[in-house]
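Please look over the sequence and the 3D structure below.

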Amino acid sequence: ELPWALTGTTGGLMTFFAVFYNSNSFQRYNELYKVVKRMSGYVVEVVIAMRCRVPSKAHARRALRYILASNFVFIYGREGGALEKEEWNKLKAMRLLTQQEVRYLDTLDCHAAEKSIHLLHWSLEDICAGIPDWFDKHDDLVNGMYDKVLNIRHCQAKIKDTLDLPMPFQYFHI
């Protein structure tokens, strides 16, 4: 039988590491929650700005479809890196992407995170195309809209980096 006096140090260390690990896990969860909420806020702000500066509803809707599809592609890709047929079908069913767009994106030889960047780029192209030539394409609201789309990409990168953060070395030895 093991004397309880010998377990004091190891038990204390185990308790410390368990509390430390739980605290770090909760901090990561909170950080992810904040980033996802921030990303959602940027989408709403882009929509508001497009209503003011992109008179072409067709371009504005397509840009928004691409932004939303980018977020879905990014999230779907976190599971395995590549999207399966079922996930592409969901994007088509939600009418975020057309068959032609899915076919093109599916043929790209890159990770889903990079495909999400393609979609954000397409959204910026549509925003630019939807602003009339006579309008100043570099006024503060338009530049802010571009910044918001790029901030969505920054949020995706932050999510990826946080989820890719490995378990601390010490936990492999507990």
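This is a predicted model, in which local features need pLDDT of at least 70, side-chain atom pairs count only at pLDDT 80 or more, and totals for chains, interfaces and linings use all residues. Residues are numbered from 1 along each chain as its sequence is written, and side-chain values use heavy atoms, with hydrogens and water left out.

**A helix pair**

Start with helix 4 (residues 99–107) and helix 5 (residues 112–130). Helix 4 passes helix 5 in a right-handed crossing (the near helix is turned clockwise from the far one by less than a right angle). Their axes lie 10 Å apart, at an angle of about 135°. Axes here are lines fitted to C-alpha atoms over the stretch in contact, and angles run from 0 to 180 degrees between N-to-C directions. That angle makes helix 4 oblique to helix 5. Oblique is what remains once angles under 35 degrees (roughly parallel), over 145 (roughly antiparallel) and 65 to 115 (roughly perpendicular) are taken out.

Which residues meet? Helix 4 brings Glu101, Tyr104, Leu105 and Asp106, and helix 5 brings Lys115, His118, Leu119 and Trp122. Contact means heavy atoms within 4.5 Å. By class, this contact has four nonpolar, one polar and three charged residues.

**The whole chain**

The chain has six helices and zero strands. Helices are DSSP runs of H or I with at least four residues, strands are runs of E with at least two, and both are numbered from the N terminus. Of the 174 residues in the chain, 33% are buried. Buried means under 20% relative accessible area, exposed means over 50%, and partly exposed is in between (1.4 Å probe, protein chains only). Among contacts with a separation of 6 or more, 69% join residues 24 or more positions apart.

| Residue | Relative accessible area | Class |
|---|---|---|
| Cysteine 128 | 30% | partly exposed |
| Cysteine 155 | 3% | buried |
| Glutamine 156 | 0% | buried |
| Lysine 158 | 37% | partly exposed |

How many disulfides does the whole structure hold? A search finds zero. A disulfide would be a pair of cysteine sulfur atoms within 2.5 Å.

Glutamine 156 is in helix 6 (residues 140–164). Leaving aside neighbours within four places in sequence, glutamine 156 contacts Met39, Ser70, Asn71, Phe74, Ser116 and Leu120.

Lysine 158 is also in helix 6. Not counting residues up to four places away in sequence, lysine 158 touches Glu31 and Val35. Its C-alpha atom is separated by 9.5 Å from that of valine 36, 122 residues apart along the chain.

Technical notes: Ala, Val, Leu, Ile, Met, Phe, Trp, Tyr, Cys and Pro count as nonpolar, Asp, Glu, Lys and Arg as charged, and the others, Gly among them, as polar.
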